[in-house]
Amino acid sequence: NIGDVRIPSVIHCEGASFKVISVCDSAFSNCADLTSLSLPETVSNIGNSAFSSCERLCEIKLPTKIVSMGEGVFSSCLRMSNVVFPEGIAYVPAYTFSGCTKLRWIRLTDGISSIGKAAFANCTSLEDIYLPERLALLGEEAFSGCKALGSLTVPMLVTQIGKRTFA
């Protein structure tokens, strides 16, 4: 039973110390019992599918210094209900929250300029999302299957809306 996990900023091994700066691809993927996770402020990168299919993951504290995230990082985290993005992220990668059926709201920061393909696809409980004024691109199927999403204000700077974005 993995439950709550807090990753330290430094790992000590055989007399050496290593600063934790990244979470690798699929590092926690399919950890069915993971319920909450706290990443240290030293982490600046999260790899592809790092937390995908963590069915019980409902809470994560993202470091403020994150500058890059891979695709599908939180896809199919069935119990995640809300997320606040850190300031350093410039885009929401493809499939980031795809299939997060309990996700009710998300706060994107003003620095985000694009939302990738199917980033929020099939987030069937998503009711509220703030789209930043600087947003320029909404990828294909970005919000497809978001049945609970009522109204949404698309910022004036958006120049591209992909196929089936709101299908």
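Residues are numbered from 1 along each chain as its sequence is written, and side-chain values rest on heavy atoms, with hydrogens and water left out. Because the model is predicted, local features require pLDDT of at least 70 and side-chain atom pairs count only at pLDDT 80 or more, whereas totals for chains, interfaces and linings use all residues.

Strands were assigned as DSSP runs (E, at least two residues) and numbered from the N terminus; two strands are taken to pair if DSSP finds at least two bridges between them. Strand β1 (residues 3-6) pairs with strand β5 (residues 34-38) in the parallel sense, over four bridges. Within this pairing, Asp4 has Ser36 of β5 as its bridge partner. Strand β5 also pairs with strand β7 (residues 59-61), again in the parallel sense and over three bridges; here Leu37 stands opposite Ile60 of β7.

An open sheet is formed by three strands in the order β4-β6-β8, with parallel pairing. Its edge strands, each pairing on one side only, are β4 (22-23) and β8 (68-69). Strand β4 runs parallel to β6 (residues 45-46) and is joined to this strand by two bridges, with Ser22 opposite Asn45 of β6.

Ser36, located in strand β5, has a relative accessible area of 16% and is therefore buried (under 20%, with over 50% counting as exposed and values in between as partly exposed; 1.4 Å probe, protein chains only). The side chains of Ser36 and Asp4 are joined by a polar contact of 2.7 Å. Such a contact is a pair of N or O atoms within 3.5 Å; within protein, one atom must be able to donate a hydrogen and the other to accept it, and residues adjacent in sequence count only if both atoms are side-chain atoms. Beyond its neighbours within four places in sequence, Ser36 is in contact (heavy atoms within 4.5 Å) with Gly3, Asp4, Val5, Leu57 and Glu59.

In soluble globular proteins, nonpolar side chains tend to be buried together. A nonpolar core is defined as a set of buried Ala, Val, Leu, Ile, Met, Phe, Trp, Tyr and Cys residues joined through side-chain atoms within 4.5 Å. The largest such core contains 46 residues, of which Ile46, Phe51, Phe97, Ile115, Phe120 and Phe143 touch the most other members.

Rings of Phe, Tyr and Trp (its six-membered ring) pair if their centres lie within 6.5 Å; planes under 30 degrees apart count as stacked, over 60 as edge-to-face and the rest as tilted. Phe51 and Phe74 form a stacked pair, at 5.6 Å centre to centre and 10 degrees between the planes. Phe51 lies in the loop between β6 and β7 and Phe74 in the loop between β8 and β9 (82-84), so this pair ties together parts that are 23 residues apart in sequence. Both Phe51 and Phe74 are buried. The rings of Phe74 and Phe97 are likewise stacked, because their centres are 5.5 Å apart and their planes at 15 degrees. Phe97 counts as buried at 0% relative accessibility. Ring pairs link Phe28, Phe51, Phe74, Phe85, Phe97, Phe120, Phe143 and Phe166 into a cluster.
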